[in-house]
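Please walk through this model with me, one contact at a time. Keep the sequence and the coordinates in view.

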Amino acid sequence: MAKPRLNWLVPAVITGALVPFASIALRLYRHRLGANPVATGLNQVGLLALIFLVGSLCCTPLKIVFGWNWPLRIRKTLGLCGFFSALLHFSVYLVLDQNLALKAVLSDVLKRPFILVGFVALLLLVPLALTSTRRALQKLGFVRWQRLHRLAYVIGVLGALHFYLRVKADHTQPLLYASVIALGFALRIAASIQKARLMRLRAGLRAAGPGLS
Amino acid sequence: MRNSPRPPPSSEITASDLYVRRREFIKNGALFVATSAGLGAGLVNLSSLGSADPPAKPPTPPKPPPGAAPWQISKRGRFITNEAQTSYEDVTTYNNYYELGLSKSEPAEQGFRIKPRPWTVRITGEVKTPQTVDIDTLIRWFGLEERVYRMRCVEAWSMVIPWLGFPLADLLTRLEPTSRAKYVRFTTLFDPEQLPNEESHVLRWPYTEGLRIDEAMNPLAFMALGLYGSPLPGQNGAPLRLVVPWKYGFKGAKSLVEIRLQETEPETTWSQAGPNEYGFYANVNPAVDHPRWSQASERRIGELERRKTLPFNGYGEYVAELYRGMNLERYF
């Protein structure tokens, strides 16, 4: 059977990712975002950033569990969607929520743990977004590139923590995203342990002589 | 063969590989549309969890219940700010009433569950005669007065609301507190039939709030029964709520069933949930930040520019005296 070409997949993900932003813009225009549209927009864009980042962290576990290859083809797209959403989230905070009061923003970032955590996550996303091209990968070399992009895990955890620290009383949602990230970690660790065991087994077989392998 | 069409020129004949790929093209197109639509819908739903849109139809003001006490403004109001009033729609669709739902819009959807009549309030503790008073009796006793207050939420947004009700001091004076009455505790209805989210455990129910007796006797402390000339809708705390405009909004306990006078400082729901974030006093104070956000400025609902938050929400001339000599950073 021919390999499915899936060349529609990345454009479909990008189109789908734009839908919630179009929805927010449309609801803003039609005064449907409620009495405090800045707060609602800020929250929804921030949540979208977390959804995209957690989504990109789910790609590898999906491959591990189901053997699918298609999640890996959208991992970068999801990560970049997360970066652009996080950037938009910060811009809404800076411009619409704080009216560019840089002093207030600076003291917020330094004094409020939840804002600091979110800000650090955004900063860490910048090098990942900049090195997301094939050329950057070739320039860095795969090993260094991969090491750098492990930051994605840190960013995911920081994103969920930022959400957790912000919530007033009901922690259900942030805990849900955190557990998805944790489940992904567990699967990755389980898979790498299995892989190591398999390698050792193979090495053992090879040592035992050519007749056996 | 005169009528038969000429065969098409070879340049117009579809190449055979394209003809074969037609199916694939259609299939991929369908997959593209389905995937982007499904992903888009999923993202819209996930990202609006907890901050859903307000109800499609703006709430209509409730009518006074039949057979109730006459519903008319009987007194010239005091403390009427001339600042622009927040629209009825915004006041009644952007609410923090966790017993009706955790989002801002859910209380407006669920508010109809509160049955404002018959309704009684238990007056207990350190008063001359503890008693249960019918809500309409309260209206007959004290009449209805209009007040237009600023309301500053601890979440750094604010509104201007025309309330209808009577001064808390009138009620307390009539009840004749004993000399041991140092504090007043306010308790919200506990009834998951009317307040469905009381099934959850996000906060300790029933919601309680409290004031020091001298705060409660301050002429600004107000018992509201209505807003914008009509009875309170459920989401705003029907049928009776506390309004203390120099304190953060969460002090204004809603749908009250008990007012208790007591000697000790009452436990209050939010300060129990987060003792380092929400104090007993909760006076609006731009100089004392909430641990997680600044209280120096606020967004007035309906405005895009932030405004500076005023000490005691601008009511300092009436209430600052109550806290003379107190360290307001400690008693936040």
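Start in chain A, where two helices meet. Leu9(A), Val10(A), Val13(A), Ile14(A) and Ala17(A) of helix 1 touch Trp70(A), Arg73(A), Ile74(A), Thr77(A), Leu78(A) and Cys81(A) of helix 3. Contact here means that the C-beta atoms of two residues, placed from the backbone, lie within 7 Å. By class, the residues of this helix 1 to helix 3 contact in chain A are 9 nonpolar, 1 polar and 1 charged. Nonpolar covers Ala, Val, Leu, Ile, Met, Phe, Trp, Tyr, Cys and Pro; charged covers Asp, Glu, Lys and Arg; the others, Gly among them, are polar.

The model is predicted: local features need pLDDT of at least 70, side-chain atom pairs count only at pLDDT 80 or more, and totals for chains, interfaces and linings use all residues. Residues are numbered from 1 along each chain as its sequence is written, while chains are lettered from A and ligands numbered from 1 in the order in which they are written. Helices (H or I, at least four residues) and strands (E, at least two) are DSSP runs, numbered from the N terminus.

Now the geometry of that pair. Two packed helices are described by the angle between their axes and the distance between the axes. Helix 1 (residues 9-29) and helix 3 (residues 70-97) of chain A have axes that come within 10 Å and cross at roughly 35°. Axes are lines fitted to C-alpha atoms, for helices over the stretch in contact, and angles run from 0 to 180 degrees between N-to-C directions. The crossing of these two helices of chain A is right-handed (the near helix is turned clockwise from the far one by less than a right angle).

Next, the interface. Chain A puts 32 residues into the contact and chain B 35. On the chain A side, helix 1, helix 2 (37-66) and helix 4 (102-111) each supply at least two residues. Helix 1 of chain A gives the most, with 10 residues. That side of chain A has 17 nonpolar, 10 polar and 5 charged residues.

Turn to chain B. It holds 8 helices and 13 strands. The C-alpha trace of chain B spans about 115 × 50 × 40 Å along its principal axes.

One open sheet in chain B has 5 strands in the order 3-2-11-6-7, with mixed pairing. Strands pair if DSSP finds at least two bridges between them. Strand 3 and strand 7 (208-212) of chain B are the edges, each pairing on one side only. Strand 2 (residues 120-125) and strand 3 (residues 131-134) of chain B are antiparallel over 4 bridges. A hairpin of 5 residues joins them, and Val121(B) stands opposite Val133(B). Helix 4 (residues 135-142) of chain B lies across both strands, at about 80° to strand 3. Strand 6 (residues 183-188) and strand 7 of chain B are antiparallel over 5 bridges, with Phe186(B) opposite Glu209(B).

Finally, strand 4 (residues 144-152) of chain B. It pairs with strand 1 (residues 73-75) of chain B in the parallel sense over 2 bridges. Ile73(B) has Leu144(B) as its bridge partner. Strand 4 also pairs with strand 5 (residues 157-167) of chain B, antiparallel over 8 bridges. Between strand 4 and strand 5 of chain B lies a hairpin turn of 4 residues, where Ala156(B) has a positive phi of about 70°.
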